[in-house]
Amino acid sequence: MDINSNRNQTVKRVMRTLAEAAPHIRDGDLLLFRRRGLIAAAGRGEHSHAAKAVRWGADLYCVEVREWHGGRAVTLASQVRRCPARIDVFAVNPRGRWTDYDRAAAARCMRLLAGCDYGYWSVLRAALLHLPLVRLFVRPETEDQAAASRPPFCSQACALADRVAGGVDPVPHLADRLTEPADLARSPFYEYRFTLSGDGK
């Protein structure tokens, strides 16, 4: 399956409460947060943070690598309360088109990042590539490393989990350490499902 043809289309948002959406959120699905920040301001889209939805029994968690915290797992409900109507849920591997993808392994890899440091150096390096003069002289890296030499940032962690553990590189022409939330949003390996409204009904 060709994953190289990234989409660049406007998606109409569908609002769902967490209670409505929870039965349709699968282990390892992608969560993209819409807010202003360094990544969104310097990046290629409206999303500034990436995480994964992970289930522990009946509980649904947001597993992420976040600035000031590093790798952590918090309930998805707590994040919906903090960011109502700003968390977009994307199905991973829609309709099972990538038959070799290991969803359980990718989710486990993301869980194992809990407690890691946040990759401030990596996110700064990715942001600097957007500066006009830098873009003239530096080409983005396209090769991934099996193990990162520095702590990851949010979208780097999600891409790494799906590539290394899941077996599918969601953005094959860009190294994990330069992958931004907007790159994940455009990848056909992820498909927008709905936005969590935060109504709590």
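Leaving aside neighbours within four places in sequence, Ala-106 is in contact (heavy atoms within 4.5 Å) with Tyr-101, Ala-161, Asp-162, Ala-165 and Gly-166. The model is predicted, so that local features need pLDDT of at least 70 and side-chain atom pairs count only at pLDDT 80 or more, while totals for chains, interfaces and linings use all residues. Residues are numbered from 1 along each chain as its sequence is written, and side-chain values use heavy atoms, with hydrogens and water left out.

**Ala-106**
- Ala-106 belongs to helix α4; helices are DSSP runs of H or I with at least four residues, strands are runs of E with at least two, and both are numbered from the N terminus.
- Ala-106 counts as buried because its relative accessibility is 0%, where buried means under 20% relative accessible area, exposed over 50% and partly exposed in between, with a 1.4 Å probe and protein chains only.
- Between Ala-106 and Gly-166 there are 60 residues of separation in sequence, and their C-alpha atoms are 4.6 Å apart.

**Packing of α4 with α7**
- Helix α4 (residues 103–112) packs with helix α7 (residues 154–165) at an angle of about 135°, and their axes are 8 Å apart; axes are lines fitted to C-alpha atoms, for helices over the stretch in contact, and angles run from 0 to 180 degrees between N-to-C directions.
- That angle makes α4 oblique to α7, since angles under 35 degrees count as roughly parallel, over 145 as roughly antiparallel, 65 to 115 as roughly perpendicular and the rest as oblique.
- From α4, the contact is made by Ala-105, Ala-106, Cys-109 and Met-110, and from α7 by Ala-157, Cys-158, Leu-160, Ala-161, Asp-162 and Ala-165.
- By class, this contact of α4 with α7 has 9 nonpolar, no polar and 1 charged residues; Ala, Val, Leu, Ile, Met, Phe, Trp, Tyr, Cys and Pro count as nonpolar, Asp, Glu, Lys and Arg as charged, and the others, Gly among them, as polar.

**Ser-197**
- Ser-197 is located in the segment after β7 (190–196).
- With 11% relative accessibility, Ser-197 counts as buried.
- Not counting residues up to four places away in sequence, Ser-197 touches Met-15, Arg-16, Thr-17, Pro-84 and Ala-85.

**The chain as a whole**
- The chain has 8 helices and 7 strands.
- Of its 201 residues, 50% count as buried.
- Among contacts in the chain with a separation of 6 or more, 74% are between residues 24 or more positions apart.
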